[in-house]
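Subject: Structure handover

Hello,

Here is the structure you asked to have passed on. Please keep it open while you read the notes below.

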Amino acid sequence: MHTLSFNRKLNKFVDDNELLPSGAAVVVACSGGPDSLALLDWLLSQQEKRQLAITAAHFEHGIRGEESRADAAFVHDFCVSRGIPCRIGHGDVPAYAAEKGLSMETAARELRYAFLRKVATECFSAIKPLITRWDTREVFLAVGHHGDDQAETVLMRILRGTGVNGLAAMRPSRLMTEWLEPAQGGGSILPVHCRLIRPLLAVSRQEIEEYCVLRGLEPRRDATNDEPDEARRNSLRLELLPLLRERYNPEINAALCHLAEIAADMSDCVSALTDEKAAGIMQDNTIDRPAFSVCPKAVQQALIRKLPGLENCSYNDIEAVRRLICTGDSGQQLSLPGAILRLEYDRAIFARTLPVKSQNNGGEEKKISLNGNGDSTKAEFCGRIITAVYTKAADEAANHLGADDESAAVIDADKVKLPLIVRCRRPGDAYLLSGSGSGRKKVKDYFIDRKVPREVRDTVPILTDSDGNILWLAGFIRSGYAMIDKNTTNIIRVTVE
């Protein structure tokens, strides 16, 4: 291979996937190894043609002692000799891993990406003067994942067990949505946008090594990459893939990368169809069962993963939810890690839950203060967001309030003593039955009748007024106290997410 072939491959891949618009600000994560050094060198060769503003970023993990510090010095010197802005970060990964109870690999990744986020934010700040309210200017974070990395990732996920989304593995680009930050001061300045790009997915490890030789690059080497490891990626690369290549398919890496491309296209197709269907099927964490049941199975599974608390559930849990929605009877329910599902006729209703220990802290409570018409407030309680809005019944805004449901309660503001209070259940709690006038029912008995699991009962927010009158078991049932009627003039609508 020669540099012309390497350049053609990368240019075609970058252009086909629209990875580098002209004038892009690019942060290059550079370890000093062959992959990242080749990436940085190639981007420099494209700098004038594509009008790129390039910054190199190196994070020294504090794992390999003097060798690690020498890597940082190497990247710094390489950048200085070529006039590239360079940011060097330092961390103590072993100490961080011990403090957080993480593997070394996970701890290193968390600290590295925290540093890269900081550098990307600095670069974004530098281009802010160029941004208008119509502009979507982004910072691009270029990393050195290549085609062999992709093949290893796909095979590892196959061995662990994965679905179509997992087979898609590493995409050529993705928006770092977890890095988005709201604009400060409520102005028109856009949030920090960073898009991670992987230009080297178009080439193999061998092609990168050859490029380094042809370009006279002398990258640093990490000897631990050539030893089988507990995380099994090295073992897979050094032992399993060579065996598959020798005995079954000489082009196994290309086949696995092709599988990732096909899976990515299928995943995008299902995602688009799911988004199209979601508006007519899901509302306020409630699923319309008849409409859900006629969707393709893959769309049903994707819809379920959109629900709070179910994003990372196992395949078996997702299937249990799907089957219950399609074939279960009204009144049935299912408790899952992070959520509870119950069926009510044509609806499937989900409520987020958290472990009891993290929620019920010895009678903890939050006050919800409202001063009058138009006032609104939010409070976080036990991992849930409680929102209250005070309005006049005659206001146009009140026309869409609707009746109480499991995710919202409408209260006659003049029948309660403010502030409202959100708390966990307490011994002896009882609520007024709707329409009974004086009948009351214990909260404990209600949960037993509804077969609410014990581990869920202490996670349900209880809404009361300042006199202790229970108004709502959030996500379950409205009490008969302070109900609205034809004489109601002021309304408080409370929602839980």
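First, the ground rules. This is a predicted model, in which local features need pLDDT of at least 70 and side-chain atom pairs count only at pLDDT 80 or more, while totals for chains, interfaces and linings use all residues. Residues are numbered from 1 along each chain as its sequence is written, and side-chain values use heavy atoms, with hydrogens and water left out.

Whole protein

The protein has 16 helices and 22 strands. Both are DSSP runs numbered from the N terminus: helices are H or I with at least four residues, and strands are E with at least two. Of the 497 residues, 44% are buried. Buried means under 20% relative accessible area, exposed means over 50%, and partly exposed is in between, with a 1.4 Å probe and protein chains only. The accessible surface is about 25,500 Å², and carbon and sulfur atoms account for 50% of that; the areas come from the Shrake-Rupley method with a 1.4 Å probe, and for residues only the protein chains shown count as cover. Taking contacts between residues at least 6 apart in sequence, 66% join residues at least 24 apart. A contact here means heavy atoms within 4.5 Å.

Two helix pairs

Helix 2 (residues 34-50) packs on helix 8 (residues 205-214) at an angle of about 60°, and their axes are 9 Å apart. That angle makes helix 2 oblique to helix 8. Axes are lines fitted to C-alpha atoms, for helices over the stretch in contact, and angles run from 0 to 180 degrees between N-to-C directions. Under 35 degrees counts as roughly parallel, over 145 as roughly antiparallel, 65 to 115 as roughly perpendicular, and the rest as oblique. The crossing of helix 2 over helix 8 is left-handed, a term used if the near helix is turned anticlockwise from the far one by less than a right angle, with right-handed used if clockwise. On the helix 2 side the residues are Pro 34, Asp 35, Ala 38, Asp 41 and Trp 42, and these meet Ile 208, Glu 209, Tyr 211 and Cys 212 in helix 8. By class, this contact has six nonpolar, no polar and three charged residues. Ala, Val, Leu, Ile, Met, Phe, Trp, Tyr, Cys and Pro count as nonpolar, Asp, Glu, Lys and Arg as charged, and the others, Gly among them, as polar.

Helix 12 (residues 297-305) and helix 13 (residues 315-327) cross at roughly 105°, with axes that come within 10 Å. The two are therefore roughly perpendicular to each other.

Backbone details

The peptide bond from Leu 418 to Pro 419 is cis, with omega near 0°. Pro 419 sits in the loop between strand 15 (408-412) and strand 16 (420-423).

Ala 169 is not a glycine, yet has a positive phi of about 55°. Ala 169 is in the loop between helix 7 (164-167) and strand 5 (173-175) and is buried, at 14% relative accessible area. Ala 482 also has a positive phi, near 60°. Its loop runs between strand 21 (477-478) and strand 22 (490-496), and Ala 482 is buried at 7%.

The neighbours listed here leave out residues up to four places away in sequence.

- Ser 407 lies in the loop between strand 14 (384-392) and strand 15 and counts as buried at 16% relative accessibility. Ser 407 touches Asp 284, Trp 472, Val 494, Thr 495 and Val 496.
- Val 494 is in strand 22, buried with a relative accessible area of 1%. The residues that Val 494 touches include Ile 386, Ser 407, Leu 420, Leu 463 and Trp 472.
- Thr 464 is in strand 19 (residues 462-464) and counts as buried at 3%. Thr 464 touches Leu 420, Ile 421, Arg 423, Asn 469, Ile 470 and Leu 471.

Regards
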